[in-house]
Amino acid sequence: MGKFVASMVALIIIMIGFGVPAISIYYSVKYNFNSIAAVVISIFALIGGGVLGVLAIEQNLFEDYSIGLKTSTLDKLNLLRAHQRATLEELDDIIDVLKEIRDVLKEASEID
């Protein structure tokens, strides 16, 4: 995942974990919102933000991007490059064979 996705996930976690409790407490104080409902909403928001944070860490969304690619990723990338090189070499061989076939067909059409 990219840095943008990681930053958006972090922003969502912060908004759920801190924003929802702050807003519910604000409405409880300013507009006489039910205090018990505000506490319940705040607890669920904190638990939800914590669960999202743990899941994001488990999925490696916040990995360090300054280190570069992992060795397993580099190995896969090198294998992919080797496969692409082999495919291109085979395509070059196919092009040569098709050119030979074209030349033979041109000679055959000139004879008739």
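This section describes the fold, the surface and the aromatic pairs of a predicted model.

The protein chain contains three helices and zero strands. Along the sequence, the pattern reads α-α-α. Of the 112 residues in the protein chain, 12% are buried. Among contacts with a separation of 6 or more, 62% join residues 24 or more positions apart.

The protein chain exposes about 9300 Å². Carbon and sulfur atoms supply 68% of this area. A nonpolar patch on the surface is formed by Ile12, Val39, Ile43, Ile47, Val51, Leu52 and Leu55. Together these residues have about 580 Å² of accessible area. Helix H2, spanning residues 35–58, gives the most to the patch, with six residues. Leu55 lies in helix H2. Its relative accessibility is 41%, so Leu55 counts as partly exposed.

Three aromatic pairs were found in a search of the whole structure. One of them joins Tyr26 and Tyr27, with 5.7 Å centre to centre and 85° between the planes. This pair is edge-to-face. Tyr26 is partly exposed, because its relative accessibility is 44%. Tyr27 is also partly exposed, with a relative accessible area of 41%. Tyr26, Tyr27 and Tyr31 form one aromatic cluster.

Conventions. Residues are numbered from 1 along each chain as its sequence is written. This is a predicted model: local features need pLDDT of at least 70, side-chain atom pairs count only at pLDDT 80 or more; totals for chains, interfaces and linings use all residues. Side-chain values use heavy atoms; hydrogens and water are left out. Helices (H or I, at least four residues) and strands (E, at least two) are DSSP runs, numbered from the N terminus. Buried means under 20% relative accessible area, exposed over 50%, partly exposed in between (1.4 Å probe, protein chains only). Contact means heavy atoms within 4.5 Å. Accessible areas come from the Shrake-Rupley method with a 1.4 Å probe; for residues, only the protein chains shown count as cover. Patches are made of residues with over 30% relative accessible area and no salt bridge: like charges are joined within 9 Å, nonpolar side chains (Val, Leu, Ile, Met, Phe, Trp, Tyr) within 5 Å. A salt bridge is a side-chain nitrogen of Lys or Arg within 4 Å of a carboxyl oxygen of Asp or Glu. Rings of Phe, Tyr and Trp (its six-membered ring) pair if their centres lie within 6.5 Å; planes under 30 degrees apart count as stacked, over 60 as edge-to-face and the rest as tilted.
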